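Subject: Structure for you to look over

Dear colleague,

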Amino acid sequence: MLSIKRWHVAAAIAVGALFIATIESPKPISDEPIPQPLVAFDSAWNTGSYANYRKPPTHNRETHIVYVQPGQNLTSLLTNEGLSAQQVVLLALTAQPLIDLGRLQIGAPLEISFNDNDQPRVRLAKEYGEIIDAIYENGAWNVTKQTVPLRAETHEAAVTINSSLYEDAVAEDVPVTIINSAMMALSHFVDFQRQLQPGDIFEAQYARSEVVRDKALFSHLQNPLKLSYLRFTNGGEDYRMYRFDGTFYFEDGRVAQSFLLKTPLNGARLTSHYGNRYHPVLGYNRQHKGIDFSAPVGTPIMAAGRGTIKHASRKGSFGNAVIIEHAQGYETLYAHLDRFNEDIDVGDYVSQGDIIGYLGNTGLSAGRHLHYEVYRNGRTINPVDIKVPSDRRLSGVELARFKRYLAQLKSQASELAGLAP
Ligand SMILES: [Zn+2]
């Protein structure tokens, strides 16, 4: 087994080396006329830095790209390419307000070139669509940040669920970022652990942005993706959501969020359902009045909906517990917290998604988990069954803008049901 793993590593290195060898071949950066040298070699002699050049002065503008290798830092990388150690230190200092060159990502590409006076130029990506351009001239670096225009391409996906939304969407080449955004938006209404049925339909429209030039400098970064529309049919429900100003809305302008979250934390696994069960600590069967989520200690716990903090302290077997009072006779309880958010107090108003505390193992608990209960008029209900949509909606000018946006979205050719005129 070990030998096979080693073989993979060796193969990966070999492929990586080949890749770099190909990329490193010189190519002109532009068709503009090559500037003639104003001063010959002796300029380097005059500045006293010639001895630091490991590479002989090159003629023409030789441009190539190198990739940050594991264990390499800016100095080892750039001195290897013919820059002096002083030039590298000066570059890091000059660039500091724009980029921290001490923290280069492994695999990040750097474009290096020299002009006829053997003055170096280094270009690299900061974020997707942003380039840091450093030109060395007369003993100093001139570092600027440039924006590369992006071109957005619209993609559509229609997926019929056979096993899971995630697997089936991946099989249809839907990017993972888009699947995650969609699941996050849908989690207000769908419990992906339980409620999925074969034959459910998932639709998505998203835009993928790409730089119009300098693509090689962004090869290590993910293209920006934006989900604009999604649809999910599940158990007779047909959710169609449209993103507008960063929030998902239903077609009628209602905010596509539930009144209360089914899952008030991210990255958790539902480990115990609502109803009868054997209690692991008490040792007998009793009604489980909430649902349990397993996640690492310290995972932030969110307010399931907007409301007022009614309790935020120790509460018997619940350990550290928070209770929030919501509208329409609803209350939510979060138990066994490791600690509370220091900023919350009884009587405070919280919005949906506000962090109220952190997952823990306090009170009568057999292991780290969140115990989550929802009450309606004093009686517990199964959080998974909540389907009450948020009562917030667009109105007036905002609603009119949304309607115009929707009409425009639906005027474009689309195969998706929720985008038909
Ligand atoms: Zn529980």
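I begin with helix H6 (residues 176-186), in which Ile178, Ile179, Ala182, Ala185 and Leu186 are buried. Viewed down the axis of H6, these buried residues fall within an arc of 130 degrees, so they line one face of the helix. On the face of H6 turned away from the buried side one finds the exposed residues Val176, Asn180 and Met184. As for what lies against the helix, the buried residues of H6 pack against helix H5 (165-171), and also against S7, S8, S9 and strand S10 (247-249).

Please bear in mind that this is a predicted model. The mean pLDDT of the protein chain is 83, and 82% of its residues reach 70 or more. Confidence is lowest in helix H1 (residues 2-23), where the mean is 32, and highest in strand S17 (residues 320-325), where it is 98. Over residues 1-60 the pLDDT is below 50, and beyond near neighbours in sequence this stretch has 43 contacts in the model.

S8 and S9 form a hairpin with two residues between them, and Gly235 in the turn has a positive phi of about 50 degrees.

Elsewhere in the chain there is an open sheet of five strands, which has the order S1-S2-S3-S4-S5 and antiparallel pairing. Strand S1 (62-67) and S5 stand at the edges, each with a single partner strand, so one side of each is left without a neighbour in the sheet. From one strand to the next the twist averages 20 degrees. S1 is joined to strand S2 (residues 109-114) by six bridges, the two running antiparallel, and Tyr67 stands opposite Pro109 in S2. Helix H4 packs on the sheet, where it touches S3, S4 and S5, and its direction makes about 45 degrees with that of S5.

Within helix H4 (residues 85-95) the buried residues are Gln87, Val88, Leu91 and Ala95. Seen down the axis of H4, they fall within an arc of 100 degrees, so they line one face of the helix. The face of H4 turned away from this buried side carries the exposed residues Ala85, Gln86, Val89 and Leu93. The buried residues of H4 pack against helix H3 (74-80), as well as strand S3 (120-125), strand S4 (130-137) and strand S5 (140-147).

For the chain as a whole, the secondary structure comes to seven helices and 23 strands, and buried residues make up 27% of the 421 residues. Among contacts between residues at least 6 apart in sequence, 65% join residues at least 24 apart.

With best wishes

Methods. Residues numbered from 1 in each chain as written. Predicted model: local features only at pLDDT ≥ 70, side-chain atom pairs only at ≥ 80, totals over all residues. Buried ≥ 20, exposed ≤ 12 C-beta atoms within 10 Å, placed from the backbone. Helix = DSSP H or I, 4+ residues; strand = E, 2+ residues; numbered from the N terminus. Arc of directions from axis to C-beta. Contact = placed C-beta atoms within 7 Å. Pairing = 2+ DSSP bridges. pLDDT = per-residue confidence, 0-100. Axes fitted to C-alpha atoms, helices over the stretch in contact; angles between N-to-C directions.
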